[in-house]
Amino acid sequence: MLPELLVDHEQIATRTALTEDYKAFWSSNDVIGIFPQEGSPIAYSITSDAGSSKVIFDGGGWKLRANTEYYAFYPFAPDVNMDLKHVPYSVEGQVQSINGAAVFDGFDCLAAKGTTNEQNGVAFKFNRLCCLVKVIARPCAGTYNELRVEAGSKIIPVSAEYDVTSDACAFTNIEYSDKFSVSLKKLKVSGEEDLVIYFAGIPQDWHDNTLTFSLVDSEGNVFSCDKTINKRIEANSLV
């Protein structure tokens, strides 16, 4: 039997549903990546009950060495050429299926390091590298399929890299676009309720930048408004 791999995600906002104390809960299909001493990252799948901030992941036949430092990250993407100093991350392709549901599966960017004990077990305490954005709108009654965020130039960060070994673990090699979108799974509103949308983003300084937020309904109608952002959005923040 392989040693337990304990993941503590208690000190950062949850991946599945935001709570008042911002605890984190892992989902049943979650997979993290762990870099071995040499080679590409190994997938570790959750084996304990999901819905908790502390869960156990198992790497199958891959065994950890005792008294050795390892680096872990989420989301995991198999890539034999991945370098632990250049782990890729993208915010494109996000989907929301339920109004007001803060679900960031596959986009909540997390990183951690830990040292194995004498039993070859290790406890990782993850840090969040991305920021979480909450958009609240009161649109007309209807069914909505998309949230668009647009700018007059390429100032919206959509992909980047990070060094999982760095204490700062900040994003580098950031790529920018003039647009970004979140797909909505036919979210219906009555016209008397808010439409609340969450998505993960890449932190940056947004002083004196104006973005256009648009909702697209099922008939192709577009409802837009401009928002000027005058703040720096930090990692692990909810804005």
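Visitor: How do you know which values to trust here?
Guide: This is a predicted model, so local features need pLDDT of at least 70, side-chain atom pairs count only at pLDDT 80 or more, and totals for chains, interfaces and linings use all residues. Residues are numbered from 1 along each chain as its sequence is written, and side-chain values use heavy atoms, with hydrogens and water left out.

Visitor: What is the confidence of the protein chain?
Guide: pLDDT is the predictor's confidence in each residue, from 0 to 100. The chain has a mean of 83, and 85% of its residues reach 70 or more. Strand S12 has the highest confidence, at 97, and strand S1 (residues 5–8) the lowest, at a mean of 41. Over residues 1–18 the pLDDT is below 50, although this stretch has 99 contacts in the model beyond near neighbours in sequence. Where pLDDT is low, the predicted coordinates should not be read in detail.

Visitor: What makes up the fold, helices or strands?
Guide: The chain has zero helices and 20 strands. Both are DSSP runs numbered from the N terminus: helices are H or I with at least four residues, strands are E with at least two. Contact means heavy atoms within 4.5 Å. Among contacts between residues at least 6 apart in sequence, 70% join residues at least 24 apart.

Visitor: Why is Thr-143 called buried?
Guide: Buried means under 20% relative accessible area, exposed over 50%, and partly exposed in between, with a 1.4 Å probe and protein chains only. Thr-143 has 16%, so the residue is buried. Thr-143 lies in strand S12. Leaving out residues up to four places away in sequence, Thr-143 touches Lys-186, Leu-187, Lys-188, Asp-217 and Ser-218. In the chain of 239 residues, 44% are buried.

Visitor: And why is Ala-170 called partly exposed?
Guide: The relative accessible area of Ala-170 is 46%, so the residue falls in the partly exposed class. Ala-170 sits in the loop between S13 and strand S14 (171–177). Beyond its neighbours within four places in sequence, Ala-170 is in contact with Glu-161, Tyr-162 and Asp-163. Ala-160 is ten residues away in sequence and 9.7 Å away in space, C-alpha to C-alpha.

Visitor: What makes Asp-208 exposed?
Guide: Asp-208 has a relative accessible area of 67%, so the residue is exposed. Its place is the loop between strand S17 (204–205) and S18. Phi of Asp-208 is near 60°, a positive value in a residue other than glycine.

Visitor: How many aromatic pairs does the structure hold?
Guide: There are eight. Rings of Phe, Tyr and Trp (its six-membered ring) pair if their centres lie within 6.5 Å; planes under 30 degrees apart count as stacked, over 60 as edge-to-face and the rest as tilted.

Visitor: Why is the pair of Phe-35 and Phe-73 called tilted?
Guide: The ring centres are 5.3 Å apart and the planes stand at 35°, so the pair is tilted. Phe-35 is in strand S2 (residues 31–35) and Phe-73 in strand S5 (residues 69–74), so the pair ties together parts 38 residues apart in sequence. Phe-35 is buried at 3%, and Phe-73 is buried at 1%.

Visitor: What makes the pair of Phe-104 and Tyr-198 edge-to-face?
Guide: The planes are at 90° and the ring centres 6.2 Å apart, so the pair is edge-to-face. Phe-104 lies in the loop between strand S7 (95–96) and strand S8 (110–115), and Tyr-198 in strand S16, so the pair ties together parts 94 residues apart in sequence. Both residues are buried.

Visitor: Which residues do ring pairs link into a cluster?
Guide: Phe-35, Phe-73 and Phe-76 form that cluster.

Visitor: What makes a space count as a pocket?
Guide: On a 1 Å grid over the protein atoms alone, a pocket is an open set of points with protein on both sides within 12 Å along at least five of seven lines; a cavity is a set where a 1.4 Å probe fits but cannot get out. Lining residues have an atom within 4 Å of a point. The largest pocket here has 32 of them, with Val-133, Val-135, Phe-199, Phe-213 and Ile-229 nearest its centre.

Visitor: Which bond is cis?
Guide: The peptide bond from Tyr-74 to Pro-75 is cis, with omega near 5°. Pro-75 lies in the loop between S5 and strand S6 (87–90).
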